[in-house]
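Welcome, and please get your viewer ready. We will go from stop to stop, selecting a few residues each time and saying what is there.

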Amino acid sequence: MKSSICLALLLSASLAGGNLYAQQDKVSLVNPIIGTNGMGHTFPGACTPFGLVQLSPDTDTIPHNIDGKYQPRVYEYCAGYQHKDSSIVGFSHTHFSGTGHSDLGDILIMPTTGALKLNPGTATNPDGGYRSRFSHDTEVSRPGYYEVMLADYGVKAQLTTTKRVGVHKYTFPKEAGNQRIILDMIHGIYNYDGKVLWTNIRVENDTLVTGYRITNGWARTNYTYFAMSFSKPVIHYGCEEKAKVDYRGGYGKFNMKENFPDIGGRKIVAYFDFDPSASGELEVKVALSGVSTDGALKNLRAEASGYSFDQLAARASDNWNKELSVIEAKGNDDQMSMLYTSLYHTMINPCVYTDVDGQYRGLDGNIHTAADFTNYTVFSVWDTYRALHPLFNIINRQVNTDIARSMLKHCEQSVHKALPVWSHMANENWCMIGYHSVSVLADAVAKGLPLDKEEVLKAMVSSSTIPYYDGTKEYMEKGYVSLDHNGSAGSLTLEYAYDDWTIYNTARLAGNDQVAEQYKKRAANYANVFDTEIGYARPRYSDGRWKENFNLLSTHGEGFIEGNALNYSFYVPQDVNNMIRLMGGDKVFVGKLDSLFTMHLPDEFFAETEDVTKEGLLGGYVHGNEPSHHIPFLYMWTSQPWKTQYWQREIMNKMYRNNIDGLCGNDDCGQMSAWYILSAMGFYPVCPGTDQYVLGAPYLPYMKVSLENGKTFEVKADKVSDKNRYVKSVKLNGKPYTKAYITQQDIMNGGELTFEMTSSPNKKRVFAEADKPYSLSSN
């Protein structure tokens with residue numbers, strides 16, 4: 001791939017009249033190929049901040065299952081793209097960023113020339129279908145723009161987007177005898193036979209096509225409507241229905257394969273031909289809607305009609321520059337690329353799920369109107385409650401307010417009266433565990449977003465008392481989930497207890513003492529799965545017995561999901577002081593943390609686990625998956641807080657790199673990236689739902705955040721380096737600062753947080769009990 005950074009730098013230089021440093025182009029610092037190989041599961045294509053459309057190349061069509069049998073290689077294609085591949089199937093309009101499971105890949109388009117081919121072919125035989133070989137040397141990827149040369153056709157493909165419209169520009173070779181667009185309505189990510197329930201295509205006129213498809217995948221019933229306009233007339237079109245059709249009714253009298261304007265079926269691949277003598281360029285604009293084709297048309301007209309590809313690409317770049325400019329920073333080239341790529345990745349998901357007129361499809365399947373907010377979708381809250389939403393409460397408060405309101409509407413429309421668990425496109429897919437939307441809302445309330453506390457608390461209580469949800473009835477009765485009833489019992493008990501703490505704290509802030517007292521007791525349930533004889537968390541059976549033949553290191557069969565007991569035992573963010581006591585006291589606890597980071601974890605304990613690989617390990621500490629992300633900051637509760645500073649920098653150096661393999665695990669809708677940004681600033685929200693960010697050490701010498709209230713917050717660490725990674729002293733607005741945390745209000749007030757850095761640990765610095773971070777047992 002060509003260096004998108006170099007190309008964007010040249011672009012910004014020309015736009016600024018050669019005065020490159022007068023106003024730094026943030027787009028030039030982003031490298032979208034980071035994480036596109038291996039475990040990152042990111043995509044290189046075009047999108048705008050929080051846009052519904054993510055227009056990106058898909059490089060293979062591995063099915064999720066064949067005759068019900070899971071195909072393990074599909075895991076590589078959660079974002080549709082792997083950098084190692086050498087052919088492109090086409091360009092689809094919807095993608096998740098960095099997830100460990102998938103869906104979408106809706107409305108795939110591929111430009112072709114030559115003989116008509118209506119199947120995608122295979123990676124080993126590209127000539128067997130419409131896909132094309134390509135070279136990374138011809139790829140250009142930067143925020144809001146993607147370009148590649150399709151070698152088999154000689155077609156230059158350029159992509160950009162608005163929030164709701166994907167915009168294509170295809171330049172066909174002069175010698176091409178024909179120009180064609182393939183519209184594959186079967187294609188999808190995590191696809192399988194039968195996933196597409198129905199498709200419809202209407203040829204409204206010779207430059208406008210509308211339609212929809214309904215899929216049954218991770219989103220059980222996903223409606224994707226589209227309106228597609230062409231910059232020149234269609235001269236011929238047709239389709240093939242690849243499903244067996246036993247009954248066509250009155251439609252049987254028509255030849256639907258050619259030039260029939262009302263196309264419907266379960267497995268439709270269509271094509272549209274254009275006159276090559278008219279021009280070598282074709283622009284295609286594809287607007288999406290979850291509501292209707294009329295909604296898609298409104299989106300198309302409002303956002304893209306009357307604008308050329310180049311104008312829309314420039315607008316996308318401007319939008320990204322505006323959003324990325326929320327942070328100013330200093331560092332070397334790789335550090336800047338990693339920082340701004342991380343910031344870019346945090347602004348892809350969640351995404352808007354509202355048409356320009358405010359209409360959206362709700363969880364109940366009905367059409368609603370968002371009168372005073374923007375409705376969002378793609379909530380991977382098991383991942384993103386930890387750092388992404390706390391980051392938004394600093395840099396994207398209006399977006400996070402709308403996200404919170406979208407979650408409350410989700411609960412209102414839910415037949416279960418439940419907040420999102422893992423939801424997208426007006427569907428709850430119930431992936432992963434806990435009810436962590438309560439954490440997102442609690443953090444929003446604690447950090448001052450304009451939400452109705454009573455409305456929030458009602459949704460929280462409702463979500464946490466559904467008796468048929470994942471062991472919740474037993475948890476409420478016994479104070480733990482038993483292993484004989486649920487294979488994730490240990491994880492569930494620990495995560496429910498944390499979630500319950502966030503409900504307690506919200507009730508406290510709302511002045512509801514009754515609910516506060518109830519959930520304060522539930523928040524202490526984590527202790528029911530701590531075996532003080534071994535000093536670690538350990539699941540129980542329903543009769544109270546501990547799990548037998550227990551293995552701290554195994555990720556299978558031990559009662560913990562996507563993690564082992566060794567890492568999960570440190571998951572008591574709401575009551576760290578008591579967790580330290582249960583694990584043996586300060587000295588023992590520090591020793592266990594030290595061992596976690598320095599031990600050797602044999603391959604047998606992660607070889608069969610999709611979400612944990614060697615790349616994401618630092619000793620036995622798992623940074624490649626979310627349950628451990630707060631652990632480096634737990635030293636701040638101990639007598640050896642400087643070790644947070646040491647391991648924090650080790651993780652950033654080893655787990656984040658400016659290359660295709662630059663992410664050590666799934667980015668998970670921006671969580672991995674949000675961890676990096678907050679850590680780079682020198683603090684982290686160990687316990688979302690408090691107003692506190694626990695201090696570590698800055699990674700960069702200078703960062704400045706422009707706040708939505710008009711103020712700025714600066715972090716300075718002039719001499720910070722791999723050698724000078726330790727904090728000697730801290731000042732807030734010029735005054736000595738001795739707390740182990742800063743608050744949301746400290747940040748929102750604006751000002752300057754200054755770290756004096758040194759090469760040796762400050763072992764004399766021990767925080768007073770009152771200055772340690774929040775803990776349930778001390779309140």
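A residue is called buried here when its relative accessible area is under 20%, exposed when that area is over 50%, and partly exposed in between. Keep in mind as you look around that this is a predicted model.

**A helix to begin with**

Select residues 309–324, which form helix H3. This helix has 16 residues and reaches 22 Å from its first C-alpha to its last, close to the 22 Å expected at 1.5 Å a residue. Now show its side chains: among the buried ones are Phe309, Leu312, Trp320 and Leu324. Ala313, Ala316, Ser317 and Asn321 of H3 are buried too.

**An open sheet**

Next, bring up the six strands that make an open sheet in the order S21-S35-S36-S40-S37-S38, with mixed pairing. Strand S21 (327–330) and strand S38 (735–736) are at the edges; each has a single partner strand, so one side of each is left without a neighbour in the sheet.

Which residue of S36 stands opposite Tyr702? Click across from Tyr702 and you will find Lys716.

Go to the loop between H4 and strand S22 (351–352), where Pro350 sits. The peptide bond from Asn349 to Pro350 is cis, with omega near -5 degrees.

Then select Trp430, in the loop between strand S28 (427–428) and helix H8 (437–446). Trp430 is not a glycine, yet has a positive phi of about 60 degrees. Its relative accessible area is 34%, which makes Trp430 partly exposed.

Asn733 lies in the loop between strand S37 (726–732) and S38. Asn733 also is not a glycine, and its phi is positive at about 55 degrees. With 46% relative accessibility, Asn733 counts as partly exposed.

**Spaces inside**

Technical notes
Residues numbered from 1 in each chain as written. Predicted model: local features only at pLDDT ≥ 70, side-chain atom pairs only at ≥ 80, totals over all residues. Heavy atoms only, no water. Pairing = 2+ DSSP bridges. Helix = DSSP H or I, 4+ residues; strand = E, 2+ residues; numbered from the N terminus. Buried < 20%, exposed > 50% of the residue type's maximum accessible area, 1.4 Å probe, protein only. Expected span 1.5 Å × (residues − 1).
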